[in-house]
Amino acid sequence: MNKNLISELNQLLADFHIYYQNTRGFHWNIKGTSFFELHVKFEELYTEALTNIDEIAERILTIGGKPLHTFEDYLATSQISAAKDVSKDRDCVETLVKNIESLISQENKVKDLASDLGDNETEDMMIGLVNLQQKTLWMFNSWLSN
Ligand SMILES: [Fe+2]
């Protein structure tokens, strides 16, 4: 068990929870002519985040750590801020792009650390997450460019 790796995974877990709740808030609060497409897209993202959150927490347990599991800890730990009362389509998407970039940065940190420790499975998990989120960034950046 490597405490540093567990701590960085817990950082990612906390970040993911705030990102999750941000996507839920946007799903509920979105207004304007993009309502239908974004309402559905945000649901897709938070549903995907739920699966990823569970995988990260269970990886922490698998390697002998303890996942953070209270809102209190998530708020105190997260590098991503809670977005409140955001409803304009562009503001929602721009916030999500920043949130996803932040997740990718933390995933790359975990990936490099896992690689140094010879933990190929955690490294592989991080590569999978980055791969998935880079694609989401491409789509959102295309949406923003029109
Ligand atoms: Fe819904």
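Predicted model: local features only at pLDDT ≥ 70, side-chain atom pairs only at ≥ 80, totals over all residues.
Following the chain along its sequence gives the pattern α-α-α-α-α. The radius of gyration is 15 Å, close to the 15 Å that the globule rule gives for 146 residues, so the chain is as compact as a globular protein of that length.

Along the principal axes, the C-alpha atoms fill a box of roughly 50 × 30 × 20 Å. Of the 146 residues, 33% are buried. Among contacts with a separation of 6 or more, 75% are between residues 24 or more positions apart.

Next, select residues 3-29, which form helix H1, and residues 35-62, which form helix H2. These two helices pack at an angle of about 160°, and their axes are 9 Å apart. An angle over 145 degrees counts as roughly antiparallel, so H1 is roughly antiparallel to H2. Their crossing is left-handed. Show the side chains where H1 meets H2: the residues of this contact divide into 17 nonpolar, six polar and three charged.

Now move to the loop between helix H3 (71-77) and helix H4 (89-117), and select Asp-85 there. Is Asp-85 buried or exposed? Asp-85 is exposed, because 7 other C-beta atoms lie within 10 Å, and a residue with 12 or fewer counts as exposed. Finally, check the backbone at this residue. Most residues other than glycine have a negative phi. Asp-85 has a positive phi, near 55°, and is not a glycine.

Note on methods: Residues numbered from 1 in each chain as written. Axes fitted to C-alpha atoms, helices over the stretch in contact; angles between N-to-C directions. Helix = DSSP H or I, 4+ residues; strand = E, 2+ residues; numbered from the N terminus. Parallel < 35°, antiparallel > 145°, perpendicular 65-115°, else oblique. Left-handed = near helix turned anticlockwise from the far one by under 90°. Nonpolar A, V, L, I, M, F, W, Y, C, P; charged D, E, K, R; others polar. Buried ≥ 20, exposed ≤ 12 C-beta atoms within 10 Å, placed from the backbone. Rg over C-alpha atoms; globule rule 2.2 N^0.38 Å. Contact = placed C-beta atoms within 7 Å.
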